[in-house]
Amino acid sequence: SQPITKIIKLAKKFAEVDSTILIEGESGTGKEVFAQAIHSASRRRKGPFVAVNCGAIPGEILESELFGHEKGAFTGASATKIGLFEAAQGGTLFLDEISNLTLEVQGKLLRVMDTHEYKPVGASTFKKTDVRIIAATNRDLKIMVTENTFRQDLLYRLNVFPVYLPPLRERKDDIPRLAYHFLRFFCRKIGKKIEGFTDDALQVLVNQPWPGNVRQLKNVIERLVIMADQRLLDGPQLVEHL
């Protein structure tokens, strides 16, 4: 669709430079997929792509995950551990759900972005870092700034190249193509031969609101492929698995 075509063109331009990118969009719109595509098209493509879900790691250990720690830095730190910044050296660090960072970690992340150095937990010296940061969020960071839950200076630093991925309901032209893409993918994976969708099945797909976006569509097609016995998927069968 036109919105996605425009975003792909922007992403190719962003990939040519090393600036920070902030990808915004609802959950399931494909933010990590775009981050990986930008990395793969960049000069850092031979380096690692390291992704971290900031919402899946408790705040009290997230600093250690990002920056690493020294042996004995805290209870349970029985050995020195490298952080994700070191693991991503020379490549790209993808910070998903960055809105979940505590204000303390936000301040330390800002310092890393400004100085290109960080201090592991419990260390007495700084380490240099050479990573490209791509961040993503499904929340409005500007609103969080007004609520004093997200640092304005960090938002400015992240928002060099903003990318907004529209929800699937706003780009219905993509739904049939995505549906066929996932159909072929799961047919190969599961070992089935399904030719496609009937017209009424495609109409059902296009008319769905898809609150879970592309991720939800993918899951629905996977269930359909697993359960289907015929070569064409029809509307009534599809409705059963929505």
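## Cysteines

Cys-187 counts as buried because its relative accessibility is 9%, and Cys-54, at 2%, is buried as well; here buried means under 20% relative accessible area, exposed means over 50% and partly exposed lies in between, computed with a 1.4 Å probe on protein chains only. The structure holds 0 disulfides, a disulfide being a pair of cysteine sulfur atoms within 2.5 Å.

The model is predicted, and local features need pLDDT of at least 70 while side-chain atom pairs count only at pLDDT 80 or more, although totals for chains, interfaces and linings use all residues. Residues are numbered from 1 along each chain as its sequence is written, and side-chain values use heavy atoms, with hydrogens and water left out.

An open sheet is formed by 5 strands in the order 2-3-6-1-7, with parallel pairing, where two strands pair if DSSP finds at least two bridges between them. Its edge strands are strand 2 and strand 7 (161-164), each of which pairs on one side only. Neighbouring strands of this sheet are turned by 20° against each other on average, direction ignored; the axes are lines fitted to C-alpha atoms, for helices over the stretch in contact, and angles run from 0 to 180 degrees between N-to-C directions.

Strands (E, at least two residues) and helices (H or I, at least four) are DSSP runs numbered from the N terminus. Strand 3 and strand 6 pair in the parallel sense over 4 bridges, and Leu-93 has Ile-133 of strand 6 as its bridge partner.

## Nonpolar cores

A nonpolar core is a set of buried Ala, Val, Leu, Ile, Met, Phe, Trp, Tyr and Cys residues joined through side-chain atoms within 4.5 Å. The largest one has 31 residues, of which Leu-66, Phe-85, Leu-93, Leu-95, Ile-98, Leu-109 and Phe-150 touch the most other members. Two or more residues each come from strand 2, helix 3, helix 4, strand 3, helix 5, strand 6 (132-137), helix 6 (141-146) and helix 7 (152-158), and helix 5 provides the largest share, 5 residues. Apart from this core lies another, of 25 residues, including Leu-202, Val-220, Leu-233 and Leu-238.

Leaving aside residues up to four places away in sequence, Leu-109 touches Phe-67, Phe-85, Leu-95, Ile-98, Leu-101, Ile-133 and Leu-154, contact meaning heavy atoms within 4.5 Å. In helix 3 (residues 59-67), the buried residues are Leu-62, Glu-63, Ser-64, Leu-66 and Phe-67, and their cover includes strand 2 (49-53), helix 4 (84-87), strand 3 (92-96), helix 5 (103-115) and strand 4 (117-118). Just after helix 3, Gly-68 takes a positive phi of about 80°.

A polar atom of the Arg-44 side chain lies 3.2 Å from the backbone oxygen of Gly-91. When residues up to four places away in sequence are not counted, Arg-44 touches Asp-18, His-39, Gly-90, Gly-91, Thr-92, Asp-130, Val-131 and Arg-132.

Ile-4 belongs to helix 1 (residues 2-15) and counts as buried at 12% relative accessibility. Its C-alpha atom is separated by 7.7 Å from that of Leu-165, although Ile-4 and Leu-165 are 161 residues apart along the chain. Neighbours within four places in sequence aside, Ile-4 is in contact with Phe-34, Pro-166, Arg-171 and Asp-174.

Notes. Polar contact = N/O pair within 3.5 Å; in protein donor to acceptor, adjacent residues only side chain to side chain.
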